[in-house]
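Here is a short briefing on surface patches and chain contacts. Look over the sequence and the model before reading on.

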Amino acid sequence: MTSKPLIMTRRAALTGLGTALALPAIRPAWAQGAPIKVGVLHSLSGTMAISETALRDTVLMMVDYANSKGGLLGRKLEAVVVDPASNWPLFAEKARELLQVHKVDVTFGCWTSVSRKSVLPVFEELKGLLFYPVQYEGEEESPNIFYTGAAPNQQAIPAVEYLMSPDGGDARRIVLLGTDYVYPRTTNRILRGFLTSKGIGNADIMEEYTPFGHSDWQGIVSRVKRFASEGKKTAIVSTINGDANVPFYRELGNQGIKAEDIPCIAFSVGEEELAGIDTRPLVGHLAAWNYFMSVKGAPNEEFLKLWQAYIKNPKRVTNDPMEATYTGFRMWMQAVQKAGTTAVAQVTPALIGQTLMAPCGYEETMLPNHHLSKPVFIGEVQADGQFNIVWKTPTAVPAENWSQFIPENANRKK
Amino acid sequence: MSDEISPPLDRTKPAAPVLYLDGVSVVFDGFRALNNLSLVVDPGELRAIIGPNGAGKTTMMDVITGKTRPTAGVVRFRDHDLTRLDEASIANLGIGRKFQKPTMFDALTVFENLELALKAPRGPLACLRWALTGEARRRIESVMEEVGLAARAQDRAAILSHGQRQWLEIGMLLMQDPELLLVDEPVAGMTDQETEHTAALLVRIAGKRSVVVVEHDLEFVRALGSKVTVLCEGSMLSEGSIDHVQNDPRVIEVYLGR
Amino acid sequence: MTRFILRIAVFLLLALPARAQDAFTGALPGLAGGFGEIAASVERLGSLGDPRALPVLRALQDGTLRKAADGRLLVPQGTGFVDAATGQPADAAGAEAVRLNNRVRQALRGALGRLQLVSPDAAERGAAAEAIFRSRGADDVPLLQAAIRREAVPEVRAKMELALAAAQLVASDESAKREAVARLGAAGTVEARALLLEARATNPGMATAIDVSIASIDRTLSFRRAAETLFQGLSLGSVLLLAALGLAVTFGVMGVINMAHGEFVMLGAYATYMVQEFCRGVPWLAPWSLLLSVPAAFLVTAACGAALERGLIRHLYGRPLETLLMTFGVGMILQQAVRLAFGAQNREVISPAWMQGTLTLPGGIAVTQNRLWIIVFGLIVLALVFAAIRLTRFGLEMRAVVQNRRIAATMGIRTGRVDAMTFAFGSGLAGLAGVALSQIDNVSPNLGTGYIIDSFMVVVFGGVGSLAGTLVGAMTLGVVNKVLEPWAGAVLAKVFVLVAIMLFIQRRPKGLFALKGRAAES
Amino acid sequence: MSATLASPAPAGTGRLTIRLVLLGAVLLLALLPALNRLPADSALHVSDFIVSITGKWITYAILALAIDLAWGYAGILSLGHGAFFALGGYAIGMHLMRLIGPRGVYGHPTLPDFMVFLGYKDLPWYWLGFEHFPYAILMAMAVPGALAAVVGYLAFRSRITGVYLSIITQAMTYALMLAFFRNDMGFGGNNGFTDFKELLGMPLNTANARAALFYASLALLVASVLICARITRSKLGRVLVAIRDAESRVRFLGYDVTRHKLFVFVLSAMLAGLAGALYVPQVGIINPGEFSPGNSIEAVIWVAVGGRGTLVGALLGAFSVNALKTWLTTVAPDLWLFALGGLFVAVTLFLPRGLVGLFSKTTT
């Protein structure tokens with residue numbers, strides 16, 4: 001890592017110090033064009049720091065980017081960074097602090113669903129604006145949150161369709177492996193509904209959950225091998241989260257599960273995660289995302305250049321949630337310009353219908369359900385830790401945050 | 001040890017023993033700390049126990065007070081089988097113990113230490129409701145008087161001198177109002193005058209209660225003027241008056257020879 | 001190389017009727033198309049038996065096959081490229097690599113297998129047989145029969161026979177099929193079972209024979225499964241053993257509760273990473289990096305341990321609970337320091353080749369190499385710890401200080417130094433655990449936190465101060481966990497084990513291998 | 001064996017000062033929600049943030065008191081008190097979930113969303129009764145109390161003390177954390193319970209509700225201080241200190257140490273449970289992360305920082321460490337762990353009696 005984040009933080013720290021000291025007293029009045037405040041609510045310590053620090057850096061990069069373009073509405077942008085420390089009640093507390101004490105105009109933050117669920121009531125109560133940049137299980141809609149990651153229909157279902165296609169290996173037996181929390185549970189429930197609709201019976205589905213940070217995959221991987229020996233082509237759909245992936249993939253490699261025989265498609269493994277794994281034994285295993293670093297085209301090149309220059313490391317990778325952060329930030333900037341103010345009440349309607357040529361190379365649109373239309377890519381792991389895109393949707397897919405495969409959603413009016 | 005096997009006690013005899021040990025053995029990892037030890041203490045008796053280091057004196061006290069379970073043998077207090085009871089129940093039956101190294105509660109004052117030892121209901125709720133009555137206060141004050149700590153009532157036990165700590169612990173023993181007192185090396189660290197005072201105190205107590213004293217200091221034991229039991233390697237070596245045991249060749253060999 | 005190609009040519013001419021030479025060039029353009037076309041043309045190239053196909057397919061597999069803008073395919077040769085169809089040198093400027101997907105890889109494996117069945121290298125022939133086994137087709141039967149006739153190496157021959165059986169299962173010859181069913185049944189592998197199940201659906205007439213074979217495989221497999229569960233348990237146990245050994249020294253011997261123990265494990269893993277990065281720059285050192293990191297990790301964490309003991313812990317002797325709280329603070333600091341120094345992301349530690357893949361033991365029991373080595377490593381470390389405590393001067397002084405500090409001091413032992421060394425020793429052992437964990441887990445700042453409670457449980461369960469207890473405790477916990485896992489799931493298995501330990505400590509508060517007697521009483 | 005440091009509350013005039021300071025602090029705290037009602041531009045205005053965060057700290061302070069009662073007085077260092085706190089939180093969380101009723105995203109009349117989602121047809125039996133507030137509050141005390149009774153009985157009976165007890169209680173909270181993370185437990189898995197709507201007919205997320213919860217917490221804090229003071233000043237308090245300093249000696253005086261320890265441990269767990277029950281509606285979420293061993297250790301450290309064995313110390317520690325943490329996670333998001341970790345080290349090393357030790361004149 002470079003020392004860049006440290007320096008940034010110190011700057012953020014100083015501004016934070018200023019506001020914190022002024023906390024009980026009257027806040028200093030800015031002479032003219034008080035800066036626009038951008039809250040950054042990502043864990044910098046604890047278990048989620050591994051994923052979320054890169055997003056913190058992405059937001060800081062975007063603040064720099066906006067300022068280099070002369071700010072917004074003639075005002076400077078200023079980031080307020082806090083550390084909710086992977087602690088969910090602390091997320092709620094910090095959200096309230098950002099909104100009430102620092103009076104931020106917009107917040108970018110959260111990774112896990114539980115952290116989002118924890119801050120949701122706060123944002124709704126205080127009429128804040130949150131951009132949530134990670135793919136998630138859907139089944140939610142809040143007037144105060146914009147979801148710039150994928151809904152299940154933009155990731156999970158195309159991925160399984162691919163596995164069942166001739167190109168993906170004609171899988172007819174599916175292993176659903178996940179970390180035991182709501183995103184895998186929901187995704188797998190949706191997938192079960194989808195698989196049933198495709199004529200795959202329950203006997204051909206294996207579902208297994210492990211705790212967070214699970215590190216001993218020996219038993220499960222051998223059970224998968226056994227399950228795959230029932231005479232039908234088998235594939236693994238992994239919703240394994242975070243830290244558990246490295247030991248999982250190591251075990252997969254060591255037990256000799258080759259992508260040609262039992263391909264494994266992951267929804268939570270991106271370039272950042274692969275950076276910690278020796279990918280040579282894993283070539284050919286898959287991931288489904290709405291963006292890969294290896295996407296070709298000018299929008300992505302611009303994004304990469306911006307990022308690697310900001311982080312001062314030409315080798316640092318980008319990933320899907322970073323792209324979603326970037327896209328969300330750009331759309332927010334556009335909406336602010338359109339609305340002529342940062343007031344949430346005006347920015348929110350201005351956001352709907354915003355379009356952006358995103359780094360993924362497709363034009364993405366903010367839909368009335370606060371989700372984006374996004375393309376879906378399937379990438380194969382390469383020996384160099386990048387993904388080779390083997391399949392993509394022809395156009396951006398609109399998000400369905402209420403899945404049609406969940407029976408309880410049947411009577412929900414669209 | 002079931003009750004049926006243990007030897008019947010003759011309750012008709014006026015002086016049934018207070019403490020009755022028969023064939024008690026304690027084995028730690030093959031090491032015999034006590035070896036077929038038998039001991040009988042009568043009501044009101046003052047008994048001194050001496051023996052070289054490792055003779056099993058402290059282990060014997062541990063067995064009586066429930067700290068250590070015997071590997072074999074009978075341990076009775078009046079008609080209670082002590083091998084089945086824990087320390088607290090044994091203490092509540094009326095056996096008080098003073099430790100070799102004076103042990104008390106350093107964070108509490110002298111008064112409070114004695115108050116804790118005072119015979120009273122011991123349950124948590126009873127302790128919560130406990131209020132110091134005039135009578136209890138008088139008892140504590142009289143014991144403080146007796147052990148010479150009246151002036152230090154409000155001092156913390158931590159700042160007492162070694163001798164004063166010995167006294168405080170004896171005082172706590174008295175507060176418990178036990179039928180049998182086990183006193184382990186009560187005069188270590190005491191001045192001659194204090195030692196004399198202690199001997200007199202123990203003799204005085206012994207009239208009403210049974211007292212077992214473990215001590216190295218033979219002068220002190222002589223001052224007690226009681227029956228003496230000599231332990232060696234976990235067994236009884238000799239028993240009788242101080243003169244008798246001092247002249248017993250086996251005792252001399254153990255203390256001086258080999 | 002030329003001789004080899006000649007042999008292929010001769011063999012192919014013998015084995016197959018001559019086909020039109022331009023079938024090869026006809027199949028090539030497909031490689032420049034979509035994945036479906038690539039796969040189809042790979043299959044055609046494989047079945048053509050044209051010697052020119054081999055370099056093309058190999059280049060495709062290695063990712064070095066290029067396609068030019070005009071659709072010509074370029075194969076690397078020497079420093080440049082040649083046109084795959086004509087063999088003429090060609091300019092690769094502007095050409096892009098032909099990409100693979102799993103379907104292509106599958107086809108490629110079969111095609112290369114068919115072509116490599118005549119390779120002079122026995123290992124390559126064996127791999128080829130395995131590849132055909134996986135991608136078998138009815139066409140492979142004559143190919144394999146010819147290869148088996150010429151094969152001299154028994155192991156390779158066995159693999160070929162198995163592949164033949166797999167191919168016969170999808171061919172039309174009924175009697176050969178029956179034979180194949182029996183042979184696959186005798187093979188007793190998961191893969192054979194899968195083939196048989198597949199065949200059962202398409203050959204209803206042979207259902208009974210197939211069921212007999214499957215039943216025989218299932219018997220073999222259930223035995224193998226039990227053995228593998230045991231191995232997995234021992235493997236988990238050895239990880240726990242490594243993590244707990246350091247605690248057995250610092251907690252068991254010194255009575256110091258070091259909540260930063262997990263962070264020391266993490267530091268050991270980062271030391272492994274650092275050594276690897278250093279060795280990467282020195283090519284001849286690179287293969288030894290993991291071995292080098294063993295002493296490096298030990299020294300780094302031992303130094304940290306010594307610093308912690310001298311700087312902080314020694315002021316708190318006799319106050320174990322304070323030490324616990326203080327080291328928790330130290331753990332927080334270490335974790336964040338590493339996070340700032342190395343970044344929050346995982347670091348990649350590459351396993352050396354000898355630690356990758358699976359080893360098949362007699363009886364077909366498959367064990368993963370990295371786990372196997374960690375078991376060996378754990379036992380070696382245990383033996384060294386035992387030797388260090390029992391046989392060295394340092395061990396003697398350590399035991400003396402533990403038993404009676406004052407007397408040890410009067411005998412001229414510098415107790416402060418012994419304390420520091422003992423603590424450093426225990427911390428160094430944590431570093432060794434870090435080396436092992438870098439091979440199976442994330443190298444991230446959180447690495448150690450997942451192991452600390454389990455390690456404490458091992459030490460408490462086994463009996464504080466007893467190395468034998470630590471060994472038995474770790475292995476028991478590992479095996480019990482793995483035996484329970486299939487029924488209860490990974491989480492409940494762990495919860496059950498924790499509850500069981502809490503109840504067990506009821507019965508034996510001092511653990512399995514308790515020290516008894518007066519020494520333990522005080 | 002166990003900690004030998006001293007000191008029940010200092011006697012005489014010191015005690016009076018402490019009472020006055022405490023009374024002043026309580027009055028000051030009681031003013032906060034009122035100041036919150038002042039117009040936002042008033043110099044004395046206190047933001048919602050301050051009110052809600054202070055309310056949260058008050059529940060932490062109750063937890064700290066509970067820990068101090070067990071550790072500072074009876075020498076029982078439980079590293080699992082976070083579990084009692086979390087169980088209390090779950091009990092009230094279950095009540096709050098039941099109150100959501102058909103307002104959940106799936107509109108099911110009785111089942112919470114996550115149950116609809118996992119395909120439950122009926123409420124599991126252990127959810128029955130939680131629609132009644134008194135029952136939920138009872139459970140917020142009874143469940144932690146019962147757990148403490150079982151674990152405590154097993155541990156104290158076999159005389160597991162000191163660090164062993166700490167390790168066992170830590171394993172207890174760890175096991176509970178793993179268990180509650182399981183979605184199949186019927187407690188919402190990792191997501192736990194969130195998006196509460198109302199409590200006792202009062203919509204949450206309003207200034208009124210915040211003030212009410214704040215005063216309820218403050219009342220419980222005052223009650224806890226009084227209960228703890230009543231205990232520590234009684235002979236029971238002295239027995240506990242005696243157990244802390246020389247457990248076996250207390251046995252030889254005829255006290256049933258197991259019962260005394262169990263009494264205080266269960267009481268402490270129940271207090272922690274109640275604190276958790278007040279904490280959850282204020283922060284709006286309860287999830288298994290509350291069971292994480294680190295949380296329990298942190299709570300113990302509040303007590304150590306403030307000064308254990310004194311009730312004021314526990315309060316002081318809980319407020320000061322949490323205030324510091326809130327401030328630092330914003331001011332120095334990358335470096336606050338150094339500051340906090342360093343504080344823990346410094347306090348154990350240089351201030352064995354905690355911050356209170358700085359002010360108290362009594363000598364040891």
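**Surface patches and chain contacts**

L384(C) counts as exposed because its relative accessibility is 54%; buried means under 20% relative accessible area, exposed over 50%, partly exposed in between (1.4 Å probe, protein chains only). This is a predicted model: local features need pLDDT of at least 70, side-chain atom pairs count only at pLDDT 80 or more, and totals for chains, interfaces and linings use all residues. Residues are numbered from 1 along each chain as its sequence is written, chains are lettered from A and ligands numbered from 1 in the order in which they are written, and side-chain values use heavy atoms, with hydrogens and water left out.

**Nonpolar patch**
- L384(C) sits in helix α15 of chain C.
- W288(C), L291(C), L292(C), W354(C), W373(C), V376(C), I380(C) and L384(C) make up a nonpolar surface patch. Together they have about 770 Å² of accessible area (Shrake-Rupley method, 1.4 Å probe; for residues, only the protein chains shown count as cover).
- Helices α13 (289-311) and α15 (369-391) of chain C each supply at least two residues of this patch.
- The largest share, 4 residues, comes from α15(C).

**Negative patch**
- D192(B), E196(B), D217(B) and E219(B) gather in a surface patch of negative charge.
- E196(B) lies in helix α7 (residues 192-206) of chain B.
- E196(B) counts as exposed, because its relative accessibility is 60%.

**Terms for both patches**
- Patch residues have over 30% relative accessible area and no salt bridge; like charges are joined within 9 Å, nonpolar side chains (Val, Leu, Ile, Met, Phe, Trp, Tyr) within 5 Å.
- A salt bridge is a side-chain nitrogen of Lys or Arg within 4 Å of a carboxyl oxygen of Asp or Glu.
- Helices are DSSP runs (H or I, at least four residues), numbered from the N terminus.

**Chain contacts**
- Chains A and C share the most contacts of the 5 pairs of chains in contact (heavy atoms within 4.5 Å).
- No contact joins chain A and chain B; their closest C-alpha atoms lie 37 Å apart.

Conventions. Lys, Arg positive; Asp, Glu negative; His and termini not counted. Charge placed at Lys NZ, Arg CZ, Asp CG, Glu CD.
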